[in-house]
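Subject: Handover of a structure

Dear colleague,

Please find below the structure that I am handing over to you. My notes on it follow.

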Amino acid sequence: MKIPFVDLKTQYLNIKDEVDLAAQKVHEHGCYIMGPEVSELESQLANYTNCKHVITVSSGTDALLAILLSQNVGKGDAVFIPSFTFTATAEVVMLIGAEPVFVDIDPQTFNIDINDLSEKIEFIKQEGRLNPKIIMPVDLFGLPVDYDAIKKLVEDEGLFILADAAQSFGGSYKEKKVGTLADATATSFFPAKPLGCYGDGGAVLTNNDDCAEIIRSIRLHGKGSSKYEIERVGLNARLDTIQAAMMLPKLKIFPEELEKREELARYYDERLKEFVMIPKRINGNTSAWAQYTILVKNREHLSKSLKEKGIPTAVYYPRPIHKQKAYKKFASKEGCPVSERISNEVLSLPMHPYMEKNTAKYICDELINAVTKLS
Ligand SMILES: *Cc1c(COP(=O)(O)O)cnc(C)c1O
């Protein structure tokens, strides 16, 4: 049995006619840059999330970068980020010349630890070298962070909340969709994310009119009211028309896909909970299930035995960012001990909406088998 980790092929075959036709229409009208499908997609995404402004961009990384630029973040500013995340979260902070302050994570949700965040903000204020400016929580593996707790914490400090929701588009927190939970939200349409396109893509979501207007300008080289009037330093960060067009049929089936991800997650939960640490669920909080990640001892042995049975697994992430060569000079003395421990124990299982029941059963049977043998 050859099991895919994510199954974009089956998805494509299910919507092939619509996707191919959408691409063909773009070739016919020829508006490859900022064509009509871009605004169509933006308005459908706004409807889906109930967010006032959706500005599509060229990637999740550019969405993060554009938001930081819109807030005039730069030299001397501190941006608080979890250390247990994908590189892009930290990268954009460096690119705009600010300094990342690494915060540890909660061992059960894998998301930013609110107490450590509070302590790190206090420390930066006391030290007086940097100006605390942005909190950038990451909805890791698709699970929204506790936004109310973060808002409460930063209320008096006037810090801006930039959500890195690259993995959580489609998720929700207390009945509100991801995209409406922070001052501004960045998401990614990288093919393997819950809602992907057929290449690189992303979006900025915000309810703030001023922020939206600035982001629209930044995505087009900082342009003002006419093309050659430049108001600020911007980026070339547009989403291709053809990507927007091909995403429209994907968005149509997305709610159904999310339900199927949830069904698979529940099946994994039920079968695996006695054998490994399963992902934590939070009342009122729904995950987009970008990844289904368990905690195990003996990870290398386990992933090897699963591989021998044709079951692919992945490690997100083997090393926290503050331990990476490019970033370690920003690590605090005590490091981020939870991130360091968790990075040795995480193992992500195949997760996608097209998995057959018998495949899910086979994965669980073999995993339980291997775990029992190893212990
Ligand atoms: C994927 C991802 C990004 C970057 O998105 P791209 O579209 O690949 O640029 C940023 N942050 C996190 C947490 C991600 O998983």
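Of the 14 residues around the ligand, which come nearest? They are Gly60, Thr61, Gln167, Ser188 and Lys193; a residue is near a molecule if one of its heavy atoms lies within 4 Å of it.

Please note that this is a predicted model, in which local features need pLDDT of at least 70 and side-chain atom pairs count only at pLDDT 80 or more, while totals for chains, interfaces and linings use all residues. Residues are numbered from 1 along each chain as its sequence is written, and side-chain values use heavy atoms, with hydrogens and water left out.

Two elements give two or more residues to the shell around the ligand, namely α3 (60-70) and α4 (87-95). Helices (H or I, at least four residues) and strands (E, at least two) are DSSP runs, numbered from the N terminus. By type, the shell holds 4 nonpolar, 8 polar and 2 charged residues (Ala, Val, Leu, Ile, Met, Phe, Trp, Tyr, Cys and Pro count as nonpolar, Asp, Glu, Lys and Arg as charged, and the others, Gly among them, as polar).

The strands

An open, antiparallel sheet is formed by 3 strands in the order β7-β6-β10. β7 (176-177) and β10 (285-286) are at its edges with a single partner strand each, so one side of each has no neighbour in the sheet. Two strands pair if DSSP finds at least two bridges between them. β6 (residues 172-173) pairs with β10 over 2 bridges, and Tyr173 is opposite Asn285 in β10.

Parallel pairing occurs between β2 (residues 77-82) and β4 (residues 131-135), over 4 bridges; there, Ala78 has Pro132 as its bridge partner. β4 also pairs in the parallel sense with β5 (residues 160-164), over 2 bridges, with Ile134 opposite Phe160.

Backbone points

Most residues other than glycine have a negative phi, and most peptide bonds are trans. Met34, in the loop between α1 (8-29) and α2 (36-49), has a positive phi near 55°. Tyr316 and Tyr317 are joined by a cis peptide bond, with omega about 5°; Tyr317 belongs to the loop between α9 (299-308) and α10 (337-342).

With kind regards
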